[in-house]
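Reader: Hey, I've just opened this one and I'm new to it. Can you walk me through it?

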Amino acid sequence: MKALIYDCEIIKAVPPNGNEPLLDGIDYCAGWQDHARMGVSVIGAFDYDTDRYRVFCADNFHEFESLLTRSHLAVGFNNIGFDDKLLLGSGIISSATTTPRYDILAETWAAAGLSATWGRAATHGGYGLDRIARATFGEGKTGDGANAAIAWQRGRIGEVIDYCLQDIRLTKGLFDRALAGEPIRDPKTMQEIKLRSPV
């Protein structure tokens, strides 16, 4: 299968909730919906066609849309709800990119009996990549996206790339289970659920 798994990290930090102060020397966007101003620091990818992990930064972002267009399926975790909007807002992909999408977050919601689009925090919350991966594999993410933006701005480039590639690896593990017809675990109930077959 010519599938491409991808995940993006942002440049501008998202303001914290509550009364936490903004950090000195850190640039912020307006919030998680500010896709046009967040900026993309790195795109991590796994290309099934070449069995290769890839990293895209400002010097080779132009190669990503070409790779995406050549793929038969674009796979991510919340890629429809976040990554695609970020890539469009940053001009890295165009609205003409028509590669079919498979969003593991949306598929997990559907497999758990929920709407495949965000509903309410009470129903759809608690299904992050870290929680699903820990429930299914016993291991999770190495950080979170909000802190990755701060690390990037502070020059910890390798740390952010490493974090992004771990997200790719976890997403690939979940997708491989869907390809094989094997279950994952619902992190809220710990019951086995099966994602819709991507083929």
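Reader: What volume does the second largest pocket have?
Author: About 260 Å³. A pocket here is an open set of points on a 1 Å grid over the protein atoms alone, where a 1.4 Å probe fits, with protein on both sides within 12 Å along at least five of seven lines. The volume is the space filled by probe spheres set on the points, which are joined across faces, edges and corners. Before we go on: this is a predicted model, where local features need pLDDT of at least 70 and side-chain atom pairs count only at pLDDT 80 or more, while totals for chains, interfaces and linings use all residues. Residues are numbered from 1 along each chain as its sequence is written, and side-chain values use heavy atoms, with hydrogens and water left out.

Reader: OK, and which residues are closest to the centre of that second largest pocket?
Author: Val 14, Pro 15, Pro 16, Asn 17 and Ala 146, out of 16 residues that line the second largest pocket. Lining residues have an atom within 4 Å of a point.

Reader: What about the largest pocket, what's its volume?
Author: About 1000 Å³. The largest pocket has 36 lining residues, and Trp 32, Phe 77, Asn 78, Phe 82 and Leu 105 lie nearest its centre.

Reader: Switching topic: in what order do the strands of the sheet come?
Author: The order is β3-β2-β1-β4-β5, in an open sheet of five strands with mixed pairing. β3 (52-56) and β5 (101-103) are the edge strands, each pairing on one side only. Strands are DSSP runs of E, at least two residues, and helices are runs of H or I, at least four, numbered from the N terminus. Two strands pair if DSSP finds at least two bridges between them.

Reader: In which sense do β1 and β4 pair?
Author: Parallel: β1 (residues 3-10) and β4 (residues 73-76) share three bridges. Leu 4 stands opposite Ala 74 in β4.

Reader: New topic, where does Gly 89 sit?
Author: Gly 89 belongs to helix α3 (residues 79-89).

Reader: Why does Gly 89 count as partly exposed?
Author: Because its relative accessibility is 34%. Buried means under 20% relative accessible area and exposed over 50%, with partly exposed in between (1.4 Å probe, protein chains only).

Reader: And what does Gly 89 touch?
Author: Leaving aside residues up to four places away in sequence, Gly 89 touches His 35 and Ala 36. Touching is contact, meaning heavy atoms within 4.5 Å. Gly 89 and His 35 are 54 residues apart along the chain, and their C-alpha atoms are separated by 5.4 Å.
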